[in-house]
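Have your viewer open before you read on.

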Amino acid sequence: MADHLFRAVVVFCLSILFQSSASYLDPKLQLYRELLELNGLEDQYFESSSPDEDSAGNYPENYEFDVDLFMPNITPQHINDYKCYSVPTPDDMSVFLVGFKPNSQHNAAHHILLFGCDEPGSQEETWDCGEMTTDVENAATPCNGWPKILYAWAMDAPPLTLPEGVGFEIGGATNIKHLVLQIHYADVDRFKDGVTDESGLTLSVTNEKQPLKAGTYFLGTDGKIPAKSEVHLEAACLYEGGPVLHPFAFRVHAHSLGTVISGYRVRDEQWTEIGKHDPNLPQMFYPVDKTDLTIEEGDVLAARCTMNNYRDKTVFIGPTMDDEMCNFYMMYYTEAPETPENEICFTNDGFKWADYLENIPDKEASELPATKTEDEASEQPDKEQEKPAEEAEKGVKAMEMGGVGDE
């Protein structure tokens with residue numbers, strides 16, 4: 001009770017401060033005003049108490065706090081609804097996202113995506129935003145323009161905390177002026193009788209400048225899986241015009257037919273695994289084993305999904321649970337002041353690695369390692385890391401890109 005009363009007093013005092021003229025508003029006060037408005041002054045989502053003012057009336061430097069980005073009590077109406085909700089980021093100074101905690105009420109969300117946008121895809125508070133469907137009236141994409149994928153969650157994945165010194169910069173002078181939350185609802189029976197949903201993400205935010213900028217590179221493909229067959233859906237793109245990237249985590253996503261999804265860096269026809277996993281396990285971001293792995297100008301980023309279609313009909317890439325998806329996410333940091341403008345590689349139906357690349361690790365890309373014994377699992381991992389191959393992927397054709405597929 002005392003805690004609720006304290007928060008109410010803090011909110012009231014801050015609301016009075018924020019009524020002052022903008023010309024006299026300290027940038028730190030502007031930051032907290034924006035973040036309070038993001039959630040509404042009537043609802044406080046800070047896990048800790050609000051920041052204390054110093055003797056000069058300013059908020060402290062290097063302050064970290066939590067902000068909830070939750071759907072505003074919506075009621076999904078249709079199976080496989082994709083809903084988006086947008087909030088602005090601070091105008092006058094940038095902040096950094098350093099952690100993500102998913103919250104799926106009623107186990108309602110099949111997946112949650114967080115986009116960074118210059119402009120949201122709609123001016124409505126919430127809107128239908130399945131990019132791969134056009135049969136919903138007034139539907140719009142998550143972003144009006146090129147989206148940046150910041151985070152993705154599915155299948156009971158746990159919270160994610162970024163490495164020390166790494167953060168997604170948003171707001172201020174960046175081109176991420178809005179955060180857009182997208183949720184795919186695979187089952188809406190639980191929302192009958194007026195039940196509403198507030199699923200979403202708790203974001204760990206800091207105003208401390210992080211020395212390393214985070215980003216997420218997405219690889220996916222269109223395609224189809226014929227009945228009673230095992231096929232490889234593949235994507236690959238030339239990395240050019242961007243800074244050196246240091247992958248530190250990866251995530252895979254498919255629906256029910258995927259058995260293995262793998263991602264690689266190709267340099268001088270040498271393939272180095274970024275990550276490989278079973279998409280039927282929790283779809284969290286897993287650590288990249290090779291801590292000295294880099295992505296540099298001229299490298300090729302490649303992904304493969306091994307699909308086993310046990311059904312009696314052809315299954316296509318698409319947005320519903322009856323369709324399939326082939327997605328590989330690579331989370332990275334860079335020492336450069338800006339992340340790459342283009343972080344999406346999406347190839348068309350029929351694309352094959354073999355048409356463009358050599359020395360393909362065909363077996364390794366489609367098989368998972370044998371399950372470790374308890375004794376092996378308890379052993380310390382080998383600290384020695386393979387050095388990256390020399391730079392200079394020459395003469396690899398850049399692959400034409402298509403649109404981004406929703407999960």
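## Ground rules

This is a predicted model, where local features need pLDDT of at least 70, side-chain atom pairs count only at pLDDT 80 or more, and totals for chains, interfaces and linings use all residues. Residues are numbered from 1 along each chain as its sequence is written, and side-chain values use heavy atoms, with hydrogens and water left out.

## Ile112

Start with Ile112, which sits in strand β4 (residues 109-117); strands here are DSSP E runs of at least two residues, numbered from the N terminus. Ile112 is buried, at a relative accessible area of 0% (buried means under 20%, with a 1.4 Å probe and protein chains only).

Skipping neighbours within four places in sequence, Ile112 is in contact (heavy atoms within 4.5 Å) with residues including Asn103, Trp153, Leu181 and Leu201. Ala152 is another of its contacts: the two C-alpha atoms are 5.8 Å apart, though 40 residues separate them along the chain.

Strands β15 (residues 258-267) and β16 pair in the antiparallel sense over seven bridges (pairing takes at least two DSSP bridges between two strands). Tyr264 has Glu273 in β16 as its bridge partner.

Two residues lie between the strands of this hairpin, and Asp268 in the turn has a positive phi of about 50°. As for β16 itself (residues 270-277), six of its eight residues are buried.

## Ser229

Ser229 belongs to strand β13 (residues 229-238). Ser229 is buried too, with a relative accessible area of 17%. Beyond its neighbours within four places in sequence, Ser229 is in contact with Met307, Asn308 and Asn309.

Methods. Helix = DSSP H or I, 4+ residues; strand = E, 2+ residues; numbered from the N terminus. Buried < 20%, exposed > 50% of the residue type's maximum accessible area, 1.4 Å probe, protein only.
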